[in-house]
Amino acid sequence: MRSTSPNVVVRQRDSALENFSDPPMLVLASLAEGPKHGHAMIDDIAGLCGTHLGPGTLYGAIARLEQQGLIEPLAAEDRRRPYRITAEGSRVLRARLTTLHKFSKAGLKRLEAL
Amino acid sequence: MRAGVAKLLVRLYPRYWRDRYGEEFEALLQTRAGNLRTSANVIWSALRERVSPTPGLNQGRRSVQLHSWCMRAPWAVFGLGPLLFLAVAYFVACFILWSGWRMFLPQSNTPFIPVGGYAVFYFEAGKLLYYAAPILVGWAVVLVCARQNPKAVWPGVGLVLIALVGGTTQVHAYRAAGGPEHVSLGFALGSFLHGIPGGASHALMILSLTMLPFVVWRFQKDLASR
């Protein structure tokens, strides 16, 4: 039977925690920098937080965000279609990130008190 | 990823989705590495889109006819229809048993004896159809239910009926001395109601297996809406 060393387990756990996995939020955060097409979004998100979104997951998030009016498509460039964040999308992203910021500040404060 | 594989993967998505995103998605797939992980991700996402379509994207394009039937005659879509499909599957399974008996065991008085060679595959195909039919029909009911979102009563009745029929059906095969082979189906409902554990546990197993995808789908939907 294969055994897993404690170091490997810790690395895997840390890696899982580092990978923020809320695809719609990741797409919004990526588009906050400017319009991008799918390929650029995947690379940007990987650089931003280490999460490698699969193409199916990415387009699932894009379809839902577009239907909710949080992103919008631009004119296609050689079969690739860029998307940009809408004003409503920016508002939703800002609200979500503010909540996360408050949450992380409170959590870190509690950890410091330990 | 190769253009042919990308095209094939895109075709897994529903038509309304392909009409909107197909070309750009295919272009994206062609720029990504064609590994197993990417393919699995696309297959899973396509399956999710088919079971739980993006809200708003397929509006006015989903199967209007089926939706109309689900609203007007849910008893037919979720009760009678699945039972008819089950009956057809059982008929085919019985035909396989009967024809296999004639072909491979012409001297035997029963087809339920150990066989060898190609006969094993033939009889096993019939057996597989017989045991898998209620589960597959139940999954079809769950799929229609997930896509059309009807009231839960009729799909529930349909699933229980399928489980009852699947759990109580018995195959009888006999041959009168020197006569032709007879294969028939019977329902052991009377003994089932008196608590025969075999039939009850079989029906419960079918019900659990058919309900499982529905429970997973609801769980996923609840998670996604949080």
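In chain B, helix 1 meets helix 2 through B:Ala3, B:Ala6, B:Lys7, B:Leu9 and B:Val10 on one side and B:Arg18, B:Gly22, B:Phe25, B:Glu26, B:Leu29 and B:Gln30 on the other. Residues are in contact here if their C-beta atoms, placed from the backbone, lie within 7 Å, and helices are DSSP runs (H or I, at least four residues) numbered from the N terminus. By class, this contact has 6 nonpolar, 2 polar and 3 charged residues. Ala, Val, Leu, Ile, Met, Phe, Trp, Tyr, Cys and Pro count as nonpolar, Asp, Glu, Lys and Arg as charged, and the others, including Gly, as polar.

This is a predicted model, in which local features need pLDDT of at least 70 and side-chain atom pairs pLDDT 80 or more, while totals for chains, interfaces and linings use all residues. Residues are numbered from 1 along each chain as its sequence is written, and chains are lettered from A, with ligands numbered from 1, in the order in which they are written.

Now follow the directions of the helices. Helix 1 (residues 3–10) and helix 2 (residues 15–31) of chain B pack at about 150 degrees, their axes 9 Å apart. Axes are lines fitted to C-alpha atoms over the stretch in contact, and angles run from 0 to 180 degrees between N-to-C directions. The two helices of chain B are therefore roughly antiparallel (an angle over 145 degrees).

Further along chain B, the axes of helix 5 (residues 74–104) and helix 6 (residues 118–148) come within 9 Å and cross at roughly 175 degrees. Helix 5 and helix 6 of chain B are therefore roughly antiparallel too. Their contact has 24 nonpolar, 2 polar and no charged residues.

Technical notes: Angles under 35 degrees count as roughly parallel, over 145 as roughly antiparallel, 65 to 115 as roughly perpendicular and the rest as oblique. Two residues are in contact if their C-beta atoms, placed from the backbone, lie within 7 Å.
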